[in-house]
Amino acid sequence: MSVRELVVLGTASQVPTRHRNHNGYLLRWDGHGILFDPGEGTQRQMLRAGVAAHDLNRICVTHFHGDHSLGLAGVIQRINLDQVPHEVTAHYPESGRHFFERLRYATAYRESVELTEAPVARDGVLAVTGDFTLEARRLSHPVESFGYRLVEPDGRRLLPERLAAHGIKGPDVGRVQREGVLNGVTLDEVSEVRRGQRFAFVMDTRLCDGVHALAEGADMLVIESTFLDADVRLAEDHGHLTAGQAAAVARDAGVRHLVLTHFSQRYSDPSEFERQARAAGFEGELSIAQDLMRVPVPKR
């Protein structure tokens, strides 16, 4: 059975709290598992969330600040300890290759798994599979940072009333799907385009073109909202977003489900992030991320 969901492993920004681990997010996409920004403690959070090393096919690091990458050493070693039987691909900013290498070989261990490094140097497509295209866009942060976007290919949705009008039923429905035409009736005449789902992951950044490009038309947008709106100047100085800014991006991009995360330890009331997101005019589904939360990707 196909599953498309976000498993939230950690939601803190620079400093973890009693209730928030450093960052970590697993996207389950049918048979694929993509781990984003494994901060310190991710391996333990995976255990608590029921996520196994075998579930990982890709690791995507937005940038090399510690709260987004210090968990790499433990996750990589666990992948090898558990002898994951498939290739695992790691994407990260090219400029941080030396950081990745240091974390990959932080201590001695026995390598048993094919871990392929595929660093990101510019905007564009990183990988194309039969199930999705993975893209990256540059963000605006004191160190080089990239956001990620997953796009499912468009499909087709059969329309029962059109099938009935042309007398197509039973096994013939499968035939017109497979062959594209049946007794002069084309697939286009009895179906419509079903737009593929889109998922976007935006971490530490100011507002920039990359943020808007990643968010455009996303069914789910996972985005940092480190600060509340009263601290917008602080957010700008440190290369971050406020709750209102993140929500306005989602509003303008037509996002269906907005997930706010990466919260500063200075705030004790998470409901204020929701209030400010709604005040910014976002009317879609909204989740204020909590550790170990599971958020389904909206169905089409």
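Biologist: Why is Glu 5 called buried?

Modeller: Glu 5 has a relative accessibility of 13%. Buried means under 20% relative accessible area, exposed means over 50%, and partly exposed is what lies in between (1.4 Å probe, protein chains only). At 13%, Glu 5 therefore counts as buried. As for the numbering and the model, residues are counted from 1 along each chain as its sequence is written, and the model is predicted, so that local features need pLDDT of at least 70 and side-chain atom pairs pLDDT 80 or more, while totals for chains, interfaces and linings use all residues. Side-chain values use heavy atoms, with hydrogens and water left out.

Biologist: What makes the contact between Arg 294 and Glu 5 a salt bridge?

Modeller: The term needs a side-chain nitrogen of Lys or Arg within 4 Å of a carboxyl oxygen of Asp or Glu. For Arg 294 and Glu 5 the N to O distance is 2.8 Å, so the pair meets the rule. Arg 294, at 39% relative accessibility, is partly exposed. By this rule there are 24 salt bridges.

Biologist: Why is the pair of Arg 294 and Glu 5 said to tie parts together?

Modeller: Arg 294 is in strand S18 (residues 294-296) and Glu 5 in strand S1 (residues 4-10), so the pair ties together parts 289 residues apart in sequence. Helices (H or I, at least four residues) and strands (E, at least two) are DSSP runs, numbered from the N terminus.

Biologist: Why are Arg 175 and Glu 179 said to be separated by about one helical turn?

Modeller: They are four residues apart in helix H6 (residues 171-179). An α-helix has 3.6 residues a turn, so residues three or four places apart point the same way. Arg 175, at 34%, is partly exposed, and so is Glu 179, at 48%.

Biologist: Which residues are linked in a network of salt bridges?

Modeller: Glu 94, Arg 97, Arg 104, Glu 111 and Glu 117.

Biologist: How many aromatic pairs does a search of the whole structure find?

Modeller: Ten. Rings of Phe, Tyr and Trp (its six-membered ring) pair if their centres lie within 6.5 Å; planes under 30 degrees apart are stacked, over 60 edge-to-face, and the rest tilted. The rings of Phe 64 and Tyr 92 have centres 5.9 Å apart and planes at 70°, so that pair is edge-to-face. Phe 64 is buried at 13%, and Tyr 92 is buried at 0%.

Biologist: Why is the pair of Phe 64 and Phe 99 called tilted?

Modeller: Their centres are 5.8 Å apart and their planes at 35°, so the pair is tilted. Phe 64 lies in the loop between S4 and H2 and Phe 99 in helix H4, so the pair ties together parts 35 residues apart in sequence. Phe 99 is partly exposed, at 34%.

Biologist: Which residues form one aromatic cluster?

Modeller: Tyr 25, Phe 36, Tyr 148, Phe 199 and Phe 201.

Biologist: What makes a set of residues a nonpolar core?

Modeller: The members are buried Ala, Val, Leu, Ile, Met, Phe, Trp, Tyr and Cys residues joined through side-chain atoms within 4.5 Å. The largest such core has 31 residues, and Leu 221, Ile 223, Val 255, Leu 258 and Leu 260 touch the most other members. Elements that each supply at least two residues include helix H9 (243-253) and strand S16 (257-261). H9 gives the largest share, six residues. In soluble globular proteins, nonpolar side chains tend to be buried together.

Biologist: Which residues of helix H3 (residues 72-81) are buried?

Modeller: Leu 72, Ala 73, Val 75, Ile 76, Ile 79 and Asn 80. After H3 comes Gln 83, with a positive phi near 50°.
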